[in-house]
Each structure stands twice: as C-alpha cells, then as structure tokens.
Amino acid sequence: TVAAAAAAAVVVVVPPSSSTAFARWSRQPLVGARRARRRRATMVYSIVNLSIDHVRLLAPFYPVAVVVGALGMWLARLRAAHVLLSAVVRDAKGRASIDVPTYDCAGMWQALSSVFQAIMTTGLAPIAFLPHYPSEYTLPIFNTTTTTGATIYLLLVAVAAAITTICLLINVLGVRDYADVDPLSGRSSQLTATGVYRYIRHPRALEIVAYVAPAVVANSFFTVVWFLVFAPVYLITVYTVEEKAWETYFSVAYTVHCHRVPARFWPSSFSGSVALVTYALRRLRAAVAEYATTTNDDRGMVDGNDSGKQR
C-alpha cells in the first residue's frame, strides 16, 4: 500500500524532465560542506538513475513475465486442486481419508504455483512502481499531466490501496485460522467455521484480489484488463475444484457449512461486508495491542535485570 501511494505520487508530481532539472542544479557553483553534500547527492542520484535505466531496458519483457507467470500460476494451482480431489478416498464403509503421498503431490504443485506467482509479481512490480514506465507497452488510461486525470487517478489508487490492504489482512487471518479446517493439521478432522471462516469460505483466495493496487497504479489498459480477466477465472476454476474435494471429504458437514457461510470470497450483502471488515480490523487491533504488551513486558524485564546488576 505504501509503495502504491509513493508510485502514484511520483507519477503525478515528478515530471519526466526532473533529471534535467537535477543536472542543472548539480552544475551550480558551491563551496565547502555544501559541495560535499551535493557530491553525495549526485552520486546517489546517479546510481538510482542508472539502476532505473537498466530496468527500463527490460521494459518489453515485463508484460510477457506477467502473462507467463499468471498462466503458469493458474495452471499449476488448478492441477493442485485436481490432485487434491483425487487424494480424497473412501473405504468400503464410506469413511473418507486422505492419501498422504497424493496430498504431498498437490503441495508440490502449489509450490510450483508460488514460483509462477513470483514471476508474475516480478513482472508487474516494475510496470506499476517504476517511474515513467514506457507507455508504448502499457497504453495509459489517464492523462496524469492534467488536473482532472491526476485527480481521478489518485482517487482510484486510494480505493485500490484500501482494497488491497483489507484483502491482505483477511488473507493473513485465513492463513492463521486454516488449521481449523485442514484435515492433516494434526488437529480435529471435524470441519469447523471459526475465526474469519465464519464470514467467507475462502479468505486465503483474496491474495489474488490484492493485485488490484499495482494493476491500478500502473495506469495501463494492459494491467487492468489482465486483472479483470485473470482474477475471476483463477478464483472460479480453482476453488470450484477445491470445494469438490472438501465436500467429498467432509460430506454432509461441508454442505451444512456452505449453507451457514454462503459467501465464497466476499459477503454479498453490505452488512456482511461491514461485519467482515470490522472483524478483520478488530483482530488487527488486538494483535497490535498484544505485541505492544509483550514488548513492554520484555522491556520491563530488561530494565529489572539492569537495576539488579546496578544494586
């Protein structure tokens, strides 16, 4: 979120001719300490500018990395879901169990999906956050040199950043609460709906929705169209197969769970959305308070040990 805000500010505030203005400033005659400060600033600016220029040389390859990474991530994750579905077996008495080697194979496909996700993110990051990325590869949506275009662009970036923050927070909560529904977690194999799973069935899927911020910050038809196409296809295809696996394993319990929590990825009602966001923010506030309390306790123990040594 911070990177999105900084990139948007750079695109709107810093003109492409800023390097020329800096070069003109660096040629002004200065003496003494000011000359040393200018020399250091010039050196840092030159290093950063050289790095950005080298990154710009690969500009045509970043959209390719985004497309290849997204396709690889989707296909590997879909394969993992199908392998997970085949890992659920039932004996002669109808009792469900998980074939561990097949389940581990699904985990390997998920790891491969994470590798392709890293490739996709690596290609998307320069497009979104590199100042003045070549527009011929992205087709800009808004003209940020005008007041109207810059205002609309910044408003959309603010909304996208807020959506990304909430989605990442809910995703983290889903990861923390996942042990309650993972049959191989070493805990109860009974399906439970605790924590964030009381509001949506797949909170960890929102990590894909979190890509809305870099897609909007990039200010390009390419990234926006990519997000609008990739996110729905990925979510619907992958988690439809995964739900079949959990329904096969948990049987009636998962059907009841789906009736109790009808929302797959996000509540359909406004009140449900408010309840989910409020719950996520409450969990965040509690975690921050717990961290502050733990830090203060540790500091008190250190101070007590120091005072004891002094005595």
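Leaving aside neighbours within four places in sequence, which residues is L281 in contact with? Read on to the first close-up for the answer. These legends describe a predicted model, in which local features need pLDDT of at least 70, side-chain atom pairs count only at pLDDT 80 or more, and totals for chains, interfaces and linings use all residues. Residues are numbered from 1 along each chain as its sequence is written, and side-chain values use heavy atoms, with hydrogens and water left out.

**View 1. L281 and its partners.** Beyond its neighbours within four places in sequence, L281 is in contact with I166 and L169, where contact means heavy atoms within 4.5 Å. L281 belongs to helix α11; helices here are DSSP runs of H or I with at least four residues, strands are runs of E with at least two, and both are numbered from the N terminus. With a relative accessible area of 40%, L281 is partly exposed (buried is under 20%, exposed over 50%, partly exposed in between, using a 1.4 Å probe and protein chains only).

**View 2. I170 and the largest nonpolar core.** Not counting residues up to four places away in sequence, I170 touches V196, I200, P203, L206, W266, L276 and A280. I170 is also listed with M120, W226, F230 and Y234 as having the most contacts inside the largest nonpolar core, a set of 57 residues. Such a core joins buried Ala, Val, Leu, Ile, Met, Phe, Trp, Tyr and Cys residues through side-chain atoms within 4.5 Å. Two or more residues come from each of α4, α5, α6 (147–177), α7 (206–209), α8, α9 and α11 (270–310). The biggest giver is α9, with 13 residues.

**View 3. The pairing of α4 with α5.** Helix α4 (residues 61–87) packs against helix α5 (residues 100–129) at an angle of about 165°, and their axes are 7 Å apart. Axes are lines fitted to C-alpha atoms, for helices over the stretch in contact, and angles run from 0 to 180 degrees between N-to-C directions. The angle makes α4 roughly antiparallel to α5, a label for angles over 145 degrees. Residues of this contact divide into 23 nonpolar, nine polar and two charged.

**View 4. The pairing of α5 with α9.** Here too the angle is about 165°, with the axes of α5 and α9 13 Å apart. These two helices are therefore roughly antiparallel to each other. From α5 the contact takes Q110, M120, L124 and I127, and from α9 it takes F222, T223, W226, F230 and E242. By class, that gives six nonpolar, two polar and one charged residues; Ala, Val, Leu, Ile, Met, Phe, Trp, Tyr, Cys and Pro count as nonpolar, Asp, Glu, Lys and Arg as charged, and the others, Gly among them, as polar.

**View 5. Two residues with positive phi.** Most residues other than glycine have a negative phi. N219, in the loop between α8 (212–217) and α9 (221–250), has a positive phi near 55°. At 8% relative accessibility, N219 counts as buried. S251, in the loop between α9 and α10 (252–260), has a positive phi near 60°. At 33% relative accessibility, S251 counts as partly exposed.

Technical notes: Parallel < 35°, antiparallel > 145°, perpendicular 65-115°, else oblique.
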